[in-house]
Amino acid sequence: MSSKNKKTWDAIFTDPVKSDIEWHDIEALFAAAGAEITEGNGSRVRVKLNGIRAVFHRPHPEKVTDKGAVKSVRRLLQEAEVTRDDV
């Protein structure tokens with residue numbers, strides 16, 4: 001895992017939930033975990049990770065992800081049984 005991915009992982013699993021994680025860092029974490037990432041309509045991003053699927057909206061015009069999306073990212077990683085050592 002790169003040091004950037006470690007920082008992103010730690011930020012995702014920090015309580016209280018952070019709202020200053022940049023979306024491109026989250027996408028890089030998904031890619032490092034082996035996720036299949038495809039573009040949807042508009043700002044939608046489809047993510048398939050270990051058979052678990054989720055759809056996210058890229059934040060715009062800001063670059064940072066809101067707390068609700070961070071919770072969804074956290075839930076996807078947990079349901080896909082990805083650990084910090086996997087990325």
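Helices α1 and α2 are roughly perpendicular to each other, a label given to angles of 65 to 115 degrees, whereas angles under 35 count as roughly parallel, over 145 as roughly antiparallel and the rest as oblique. The axes of α1 (residues 3-12) and α2 (residues 23-32) cross at roughly 110 degrees and come within 9 Å. Such axes are lines fitted to C-alpha atoms, for helices over the stretch in contact, and the angles run from 0 to 180 degrees between N-to-C directions. Helices (H or I, at least four residues) and strands (E, at least two) are DSSP runs, numbered from the N terminus. On α1 the contact (heavy atoms within 4.5 Å) involves Lys4, Asn5, Thr8, Trp9 and Ile12, and on α2 it involves Asp25, Ile26, Ala28, Leu29 and Ala32.

This is a predicted model, in which local features need pLDDT of at least 70 and side-chain atom pairs count only at pLDDT 80 or more, while totals for chains, interfaces and linings use all residues. Residues are numbered from 1 along each chain as its sequence is written, and side-chain values use heavy atoms, with hydrogens and water left out.

Trp9 of the helix contact also takes part in ring pairing. Tryptophan 9 and phenylalanine 13 form a tilted pair, 4.7 Å centre to centre with 35 degrees between the planes. Rings of Phe, Tyr and Trp (its six-membered ring) pair if their centres lie within 6.5 Å; planes under 30 degrees apart count as stacked, over 60 as edge-to-face and the rest as tilted. Tryptophan 9 is buried at a relative accessible area of 9%, and phenylalanine 13 is partly exposed at 25%. Buried means under 20% relative accessible area, exposed over 50% and partly exposed in between (1.4 Å probe, protein chains only). The whole structure has four aromatic pairs, and ring pairs link Trp23, Phe30 and Phe56 into a cluster.

The strands form an open sheet of three in the order β2-β3-β4, with antiparallel pairing; two strands pair if DSSP finds at least two bridges between them. β2 (36-39) and β4 each have a single partner strand and stand at the edges, so one side of each lacks a neighbour in the sheet. From one strand to the next the twist averages 20 degrees. Helix α3 (residues 67-79) packs on the sheet, where it touches β3 and β4, and its direction makes about 165 degrees with that of β4.

β3 (residues 44-49) and β4 (residues 52-57) are joined by six bridges. Arginine 44 stands opposite histidine 57, and leucine 49 has isoleucine 52 as its bridge partner. The hairpin has two residues between the strands, and asparagine 50 there takes a positive phi near 50 degrees.
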